[in-house]
Amino acid sequence: MRLLFLGNSHTYYNDMPFLAAELLRAGGDAVEVAMLTRGGQSLAGHLQNEQTRFNLLYGGWDLCLAQEVTSEFPPQEDYLRGVEAVKALCDAGGCRLALYMNFESPRDTPPLSAMRPSVLAAAARFHLPVARTCEAFARAAQSCPDIDLYGPDRHHASPAGSYLVALSVLRGVFGRDVLGLPGRIGFAGRPVLDLPKAQAAALQAVAQSLPAAL
């Protein structure tokens with residue numbers, strides 16, 4: 001399975017696409033992963049980039065996970081048009097599309113009251129699976145408030161937060177059971193993520209409670 005992550009810093013922070021791929025591998029999937037990301041980039045911005053068009057048409061990806069910009073989330077109709085345009089490229093290239101519903105952050109981001117209904121509207125209109133990260137963060141704030149999901153800037157995710165994002169991808173996009181997955185992930189002999197077992201289990205329970213892809 002070849003996965004392409006399309007987004008911005010809320011996608012690439014803490015190497016989240018790698019975390020998601022490693023968790024899928026831990027569950028028995030053979031996965032290749034890459035990303036097209038840029039800080040602050042919107043779907044409209046990606047659509048103006050020739051690399052986006054080329055990758056979606058000719059990259060041979062099985063699935064593209066697309067994340068809209070968070071700080072200036074567009075009006076719903078603009079978002080729907082962006083999703084439709086990305087889906088058209090995916091369809092032409094034989095690639096499935098999924099959506100990433102980003103989390104709200106406690107600083108430097110306006111309330112995202114429009115985001116959740118917009119993402120769910122796009123998912124319903126185009127029959128797309130959704131990584132419900134926004135809902136996962138809200139549930140984690142209630143069930144395990146001692147786990148800090150935000151990095152030092154209070155805008156992006158901490159390593160624990162990126163782990164929850166990755167778990168949300170597995171649950172919402174692939175319908176995976178995420179209980180019992182590793183909280184320690186390494187690469188080339190160095191740690192990429194090292195969560196205490198209790199933290200990993202608590203975040204897995206949160207992700208497991210999300211609606212799963214069919």
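**A walk through the predicted model**

Asp15 is partly exposed, with a relative accessible area of 42%; buried means under 20% relative accessible area, exposed over 50%, and partly exposed in between, with a 1.4 Å probe and protein chains only. This is a predicted model, in which local features need pLDDT of at least 70 and side-chain atom pairs count only at pLDDT 80 or more, while totals for chains, interfaces and linings use all residues. Residues are numbered from 1 along each chain as its sequence is written, and side-chain values use heavy atoms, with hydrogens and water left out.

Asp15 lies in the loop between helix 1 (9–12) and helix 2. Helices (H or I, at least four residues) and strands (E, at least two) are DSSP runs, numbered from the N terminus. The phi of Asp15 is positive, about 55°, although Asp15 is not a glycine. Most residues other than glycine have a negative phi. Arg154, in the loop between helix 7 and helix 8, also has a positive phi, near 60°.

Five strands form an open sheet in the order 2-1-3-4-5, with parallel pairing; two strands pair if DSSP finds at least two bridges between them. Strand 2 and strand 5 (130–131) are the edge strands, each pairing on one side only. Strand 3 (residues 63–67) is joined to strand 1 (residues 2–7) by four bridges, and the two run parallel. On that side, Leu6 has Ala66 as its bridge partner in strand 3. Strand 3 is also joined to strand 4 (residues 96–100), by five bridges, and this pair runs parallel too. Here Cys64 stands opposite Leu97, and Gln67 stands opposite Tyr100.

Strand 3 is mostly covered, with five of its five residues buried. The cover is on both faces: Leu63, Leu65 and Gln67 are buried on one side, and Cys64 and Ala66 on the other.

Helix 9 (residues 197–208) has twelve residues, and at 1.5 Å a residue these should span 16 Å; the end C-alpha atoms are 16 Å apart, which agrees. The expected span is 1.5 Å times one less than the number of residues. In helix 9 the buried residues are Ala200, Leu203, Gln204, Val206, Ala207 and Gln208. An α-helix has 3.6 residues a turn, so residues three or four places apart point the same way. The cover over the buried residues of helix 9 includes helix 7 (133–143) and helix 8 (159–174), where contact means heavy atoms within 4.5 Å.

Charged side chains come next. The whole structure holds nine salt bridges, each defined as a side-chain nitrogen of Lys or Arg within 4 Å of a carboxyl oxygen of Asp or Glu. One of them joins Asp29 to Arg176, with the closest N and O atoms 2.9 Å apart. This pair links distant parts of the chain, 147 residues apart: Asp29 is in the loop between helix 2 (16–26) and strand 2 (32–37), and Arg176 is in the loop between helix 8 and strand 6 (184–187). Asp29 counts as partly exposed at 21% relative accessibility, and Arg176 counts as partly exposed at 27%.

Another salt bridge joins Arg116 to Glu135, whose closest N and O atoms are 2.7 Å apart. Arg116 lies in helix 6 (residues 115–126) and Glu135 in helix 7, so the pair ties together parts that are 19 residues apart in sequence. Arg116 is partly exposed, with a relative accessible area of 37%, whereas Glu135 counts as buried at 10%. Arg116 and Glu135 also belong to a network of salt bridges with Arg132. Arg154 counts as partly exposed at 29% relative accessibility, and Asp148 counts as partly exposed at 41%.

The aromatic side chains complete the tour. There are seven aromatic pairs, where rings of Phe, Tyr and Trp (its six-membered ring) pair if their centres lie within 6.5 Å, and planes under 30 degrees apart count as stacked, over 60 as edge-to-face and the rest as tilted. The ring centres of Phe73 and Tyr79 are 5.2 Å apart and their planes are at 40°, so this pair is tilted. Both Phe73 and Tyr79 are buried. Phe103, Phe137 and Tyr150 form one aromatic cluster. The charged end of Arg2 sits over the ring of Trp61, 4.1 Å from its centre; the rule asks for NZ of Lys or CZ of Arg within 6 Å of the ring centre and within 35 degrees of the ring normal.
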